[in-house]
Amino acid sequence: MKNTKQVIALASAAALSVSVLAGCGGAASDATSESTSTATAEASNTAASDGTLVLAETGFEGKFSPFFAASASDQDVIDLTQLGLLGADRKGEMILNGIEGETREYNGTDYTYYGTSDCVVTENDDGTVTYDIKLRDDLKFSDGEPVTIDDVIFSMYVFLDPTYDGSVTMYSTPIVGLEEYRNSMSTLSKLIAEAGEDNTDYTNFTEEQQKAFWDAVNDGGVKFAQEIVDNMMANGATDVASAAAGWGFDGLAADATAKDFFLAIGEQYDWSFSAMEAESAGSALSELIPEDVYAYSTTGVNVGNAVANVAGIVKTGDYSMTLTTSELSTTMIYQLQMPIAPLHYYGDESLYDYDNNSFGFVKGDLSGVRSKTSTPLGGGMFTFSKYSDGVVYLDANPDYFNGAPKVAHVNMKETQEADKITGVQAGTIDISDPSYSLEVADQIADINGVEGEDGPVITTRLKDYRGYGYIALSAKNVNVGGDPASEASKDLRKAIMTVIAAYRDEGIDSYYGDTATVINYPISNTSWAAPSVTDDGYQIAYSTDVDGNEIYTSDMKSEDKYAAALQAALGYFEAAGYTVENGQITAAPAGAKMEYQINIGASGNGDHPSFQTLTNAAAALKTIGFTLTVNDMANASDLFASYQSGAAEGWVAAWQSTNDPDMFQLYHSQGATNYYTINDADLDELIMAARQTTDQEARKAMYKEAMEIILDWGVELPVYQRSEATIFSTERVNIDTIAKDQTPYWTYKSELNNLELN
């Protein structure tokens, strides 16, 4: 099943993560351009030859477009070849004064961040918000052409076009006039689908186009949906409706067909065929329907009175503009991490006339932009040379605004996971990112002949992963008397979570060693909104008893800790209405049970970070008469289906987060992925209030209060924050020049222009 079902889908801020550039103590601003050969160094058996740096990449799709890049490796190419309008610091907080630079402290060190622009955000009396953007006036694209605000406006209009089908979701923001601009045009696929198969009104399309569309739906579309149904029926679904529900599409009639399912998918994705590809269970939709029909979803058709511009986008000078939203949107600022793509390359300069509402292409026709998808041009650190035999070849950009790169060439090389360590050892790769584990750490130590991060062959740098692992209980399925929100129901779930929480340290240490840490709040530690251990009121998850007293003392041994957790759990069970006699649970209250099940995808053999934690907790609960069944599911899609369909009592999974910690999708009563089934008016109010201010400290306080409500519901136990590794060849890379204090928002690539070879 597609990965987007497992993560927070806040799209574009993560998808286009072009960073501002940093220097410690202002050093980056002193960087000077160096004479760089423009000849491309061919891939060789020895990394670092001819001033070439070789980076390991997982695999390219070849969509090297700032508008349409989708895979992580393709996006890496974009990050190195494009300029970003705004960027973020090591915590993911936005840099709004990039021209002069902003100095911020991280991990005890001050870092100065520079960018391409300044942005002043003003909340107006009428409820609108204005973003006043000023661009540097000395920027150049790699072909020598100057960067102006017209390039920014052109790029925005591509992202906002009604036929745009890339991963950036700027079109979902409340920019003034955007709704009118987009609604005055629809796509051919959407118009035909909404008209229905029996339509006889051919105002917006021809009868031939309608027939071709429905022929494609009835053939390839049905096959596409049937593959999903077959996949789900092999994992327990009994019909199309249950298969669709398990896949995340609720509400189909009991007698639904595969065609009904496909129509539901189309409606979900606004009939964008490329977006619908995310639902594939095998075949690509582009392989199942004719090419000309596939193009219907990127063919614009004017409907009603045409609207020629977006009123909220206003050019105020050659290097300045304003963008106005109709209301405060906390995600808008993150959308401004957009790349600045050259109008003269991706668009048509003859079609750019700002005063006459022409923005570099004909509205509804992005064919010219799409034609440049495989050959990017930008103003980033490096220039694209070619892509051949699994290698992307880049050359240093001598005009890069923050200093020309110190290495002449970068080869980004497709590399199998098994070769990511041995390639560095053998000298064919300089930098790679193996999937980190205790076994990987031991392998690197064996190669180096020493323990620790730095060795004579390989140097390792760890950073926290952008997400976190958790254990969940469904409020709908684990409660007392059918009332998920009652205090008794919360006490039942907290009884279970209190015992599980006690065993996290042992389980995570056994699986990850010191490459992961136990966390206590339902948010990634990498987020600026994550509570810190030094914050007032910071608390270990599920560490108080039913009366609010601390369960543990600082000098407790593990055995005492486990006993204290069990004793506290008995108190919660009793408060929930269970009969407790002589330290044993002997009966459950009405509407509750003596046994609940937690599903975990541990490959059927216990291979999961939380498996030992759960099994130890289950054994402990057994001693007081309560059964917690740990269901190890070999098929991951079966696990996902169990909780996405609402059937699971408990499950184990992980969330991945973006810069913005907005909680709506996960925890609001109307959230699309609120699988916990929390319905709490106070929580909803906090989540919405946090969306209505740009005051980061105020938002952080609101989110902390919201997380305390989530923990009080007993539906989620944060478990671990794992590490990601980047390894460097100690022999060929000057380790002193790699970025310090790396985070998910600030990697070695953020300062790749400063990296030197030995």
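Over how many bridges do β21 and β29 pair in the antiparallel sense? This tour of a predicted model begins with that pair and then moves to a pocket, a sheet and a helix.

**First stop: strand β29**

Select residues 716-729, which form strand β29. Of its 14 residues, 12 are buried, so the strand is largely enclosed by the rest of the structure. The opening question is answered here: β21 and β29 are paired over 7 bridges, in the antiparallel sense. To locate one of these positions, display D464, whose bridge partner in β29 is S723.

- β22 (residues 467-473) runs antiparallel to β29 and is joined to it by 4 bridges; A472 has E716 as its bridge partner.
- β23 (residues 516-518) is also antiparallel to β29, with 3 bridges between them; the partner of T517 is Q721.
- β20 (residues 431-432) pairs with β29 in the antiparallel sense over 2 bridges; here S432 stands opposite I727.

In general terms, the strands of a sheet pair through backbone hydrogen bonds, either parallel or antiparallel.

**Second stop: a pocket**

The pocket has a volume of about 750 Å³. The largest share, 3 residues, comes from α24.

Next, display the open sheet of 4 strands, which has the order β8-β9-β13-β12 and antiparallel pairing. At its edges are β8 (117-123) and β12 (313-317), each of which pairs on one side only. From one strand to the next, the twist averages 20 degrees. Zoom in on β12 and β13 (residues 320-325), which run antiparallel and are joined by 4 bridges. Within this pair, V314 has T322 of β13 as its bridge partner.

**Last stop: helix α3**

Is α3 largely enclosed by the rest of the structure, or largely exposed? It is largely enclosed, because 12 of its 12 residues are buried. Including F154, Y157 and F159 in the selection shows three of these buried positions.

Notes: Residues are numbered from 1 along each chain as its sequence is written. This is a predicted model: local features need pLDDT of at least 70, side-chain atom pairs count only at pLDDT 80 or more; totals for chains, interfaces and linings use all residues. Side-chain values use heavy atoms; hydrogens and water are left out. Buried means under 20% relative accessible area, exposed over 50%, partly exposed in between (1.4 Å probe, protein chains only). Two strands pair if DSSP finds at least two bridges between them. Axes are lines fitted to C-alpha atoms, for helices over the stretch in contact, and angles run from 0 to 180 degrees between N-to-C directions. On a 1 Å grid over the protein atoms alone, a cavity is a set of points where a 1.4 Å probe fits but cannot get out, and a pocket is an open set with protein on both sides within 12 Å along at least five of seven lines; lining residues have an atom within 4 Å of a point. Grid points are joined across faces, edges and corners, and a volume is the space filled by probe spheres set on the points.
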